[in-house]
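Good morning, and thank you for the time.

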Amino acid sequence: PQPAAIIGAGIAGIATAVRLAVQGHRVTVFEAQESFGGKMHQLELPGGYRFDGGPSLFTLPHLVDELFQLAGRNPHDYFRYQRLDPITQYFFADGTRLTAWADEEQFAREVEEKLRVPAAEVLRFLRRSGRAYEATAGTFLQKSLHKAGTYLSPEVLKALAALPQLGLTSTMHQRHAAAFSDPRLVQLFDRFATYNGSDPYQAPATLSMIPHLEHGLGAFYPEGGIYAIAQSLVRLAEELGVEFRYQEPVLEILTNKGAVTGVRTPKGDYEFSVVVSNMDVVPTYRRLLPRQPAPERTLGQPRSSSALIFYWGIAQRFPELGVHNIFFSQDYKREFDAIFRDKTISPDPTVYVNITAGHTPTDAPAGHENWFVMINVPHHEGQNWPELIAQTRQAVLRRVSQALGADVASLIRAEQVWDPPGIEARTSSFGGALYGSSSNNTLAAFLRHPNFSGQLAGLYFCGGSVHPGGGIPLCLLSARIVSSLIKN
Ligand code: FAD
């Protein structure tokens, strides 16, 4: 095994470090920031409020367990989680409230009772979503799509054959509009396009399998919050001998005669024959490999959405709110047109509120809550963010105050904001996009950058900007693909 460098201690970089260490490599992780996690960081605000800074929804927890098991450890000694029930509280613009229970039948009965839609409609859709997931996930998410060998297995040929029926010619929204008789359910399921930063009015109906992750396989809450995922994996990596070098950004990937030879940081040059970039693929080429020809078509794919987040310490408990809460806008189409066409924020955006204090009481003082309030927004392209933030803050306060019958502005005791330029500055994600390129295009899965370089031997890529895509589970899968490519 050769010494391996990983550029970035995001969740994919940490998972790759664990896997390569288990394979016997001597692994060094270079991280530009003062600590690990990248988008999956945590923050504290005065008054005793703790927040998960980025991701809040956790699915496919076995992908985390698997890393401890690979290293011969019992996952429960490091990391625990529970299945969330209910999963989400929905507040529709017309005043209807709906609870998404973990059990599909219970959820379908709730829909029947609150929305007067036959339970069978929901169950039929969820089961179809499950079948679509089972038919394709093994292929499109778990293997490199860029190695000829991938296309030779019977499983993959089956998945490719299933693709046309799964909906390459219609959009997610069209699929949902055909499946549901009530526009509120269409909006509810359209929202899953945002799980990879896409637009339901453009993204292919294939993505209608996303709800299966949450409703079929479950949403989970890690003990101590999402940050515990990164924390427990770093502990494991350190036990396996991985060296983390913080505040040491990689400035250049060193190469010679078509192969990587090491990395350059402000502290000097280091020799490595294996280099894995967990940095967004666009700045990896632009900044770290300025003399290499870049795959322009891949790098030019439209970005996924970004986020505007208000972290609020709230001096009240709201028993009607759970961990995940959605306050839908009146006009969903207008909201996505604003993001993806006009590159701005709709004056009536859907608001997502994540509250962990109910599950982790130390996250807020007694009687208070820690609100992570997020709006989907376009990636950073030079918009006037201070102006957009000021307008949006008012719109958000109006929307949640009206739904909860409270003056939320008067309850804010602490506040911090994270916007697309801030996300870009902190994580180097191009434009502050949350999930690399968007999946608004039918062929998006094939147009993401592969997990290896076709030009430089020894160079690999993991993380949300490359195959198979963004979000915690897919980042963990990218680590699995990279380590198996290196092994072979
Ligand atoms: P990143 O987290 O992007 O980390 C990259 C790391 O590399 C950073 O630490 C950065 O400092 C470091 N780095 C960059 N350049 C260099 C360099 N030159 N040298 C050294 N270090 C460098 N996902 C979900 O699954 N569920 C959710 O609910 C969810 N919600 C989200 C909400 C928000 C607000 C955000 C921001 C993201 C959300 N996501 C969610 C997406 C998820 O967080 C990301 O897909 C995932 O965390 C990305 O991990 P990554 O490994 O690609 O790297």
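Let me begin with a convention: a helix axis is here a line fitted to C-alpha atoms over the stretch in contact, and the angle between two axes runs from 0 to 180 degrees between N-to-C directions. Please keep in mind throughout that this is a predicted model.

With that convention, consider helix 6, residues 172-179, and helix 7, residues 183-190. Their axes come within 9 Å and cross at roughly 145°. The crossing is right-handed. On the helix 6 side, the residues involved are Met 172, His 173, His 176 and Ala 177, and they meet Val 186, Phe 189 and Asp 190 of helix 7.

What does Phe 189 contact, leaving aside its neighbours within four places in sequence? The partners are His 176 and Pro 211. As for separations, Phe 189 and Gly 436 stand 247 residues apart in sequence, and their C-alpha atoms are 22 Å apart in space.

I turn now to helix 1. At 1.5 Å a residue, its 12 residues should span 16 Å, and the end C-alpha atoms are 17 Å apart, which agrees. Is helix 1 mostly covered or mostly uncovered? Mostly covered: 11 of its 12 residues are buried. Among the buried residues are Gly 13, Thr 16 and Arg 19. The buried residues of helix 1 pack against strand 1, strand 2, helix 2, helix 9, strand 13 and helix 16. Just after helix 1 comes Gly 24, with a positive phi of about 100°.

Two of those partners are helices that I would like to treat in detail. Two packed helices are described by the angle between their axes and the distance between the axes.

The axes of helix 1, residues 11-22, and helix 9 come within 9 Å and cross at roughly 25°. Helix 1 is therefore roughly parallel to helix 9, since angles under 35 degrees count as such. The crossing is left-handed. From helix 1, Ile 11, Ile 14, Ala 15, Ala 17, Val 18 and Ala 21 take part, and they meet Ile 229, Ala 230, Leu 233, Val 234, Leu 236 and Ala 237 of helix 9. The residues of this contact divide into 12 nonpolar, no polar and no charged.

The next partner is helix 16. Here the axes come within 8 Å and cross at roughly 35°, and helix 1 passes helix 16 in a right-handed crossing.

Helix 16 itself covers residues 472-487 and has 16 residues; from its first C-alpha to its last it reaches 23 Å, close to the 22 Å expected at 1.5 Å a residue. It is mostly covered, with 13 of its 16 residues buried.

Finally, some backbone details. Where are the cis peptide bonds I wish to point out? One joins Asp 85 and Pro 86, with omega about 0°; Pro 86 lies in the loop between strand 5 and strand 6. Another joins His 467 and Pro 468, again with omega about 0°. Pro 468 lies in the loop between strand 19 and helix 16.

Lys 343 has phi near 55° and sits in the loop between helix 12 and strand 16. With 14 C-beta neighbours inside 10 Å, Lys 343 counts as partly exposed. Ser 428 has a positive phi of about 65°, and its place is in the loop between helix 14 and helix 15. Ser 428 is buried, with 23 other C-beta atoms within 10 Å.

Thank you for your attention.

Technical notes:
Residues are numbered from 1 along each chain as its sequence is written. This is a predicted model: local features need pLDDT of at least 70, side-chain atom pairs count only at pLDDT 80 or more; totals for chains, interfaces and linings use all residues. Helices (H or I, at least four residues) and strands (E, at least two) are DSSP runs, numbered from the N terminus. The expected span of a helix is 1.5 Å times one less than its number of residues. A residue is buried if 20 or more other C-beta atoms lie within 10 Å of its own, exposed if 12 or fewer, and partly exposed in between; C-beta atoms are placed from the backbone. Angles under 35 degrees count as roughly parallel, over 145 as roughly antiparallel, 65 to 115 as roughly perpendicular and the rest as oblique. A crossing is left-handed if the near helix is turned anticlockwise from the far one by less than a right angle, and right-handed if clockwise. Two residues are in contact if their C-beta atoms, placed from the backbone, lie within 7 Å. Ala, Val, Leu, Ile, Met, Phe, Trp, Tyr, Cys and Pro count as nonpolar, Asp, Glu, Lys and Arg as charged, and the others, Gly among them, as polar.
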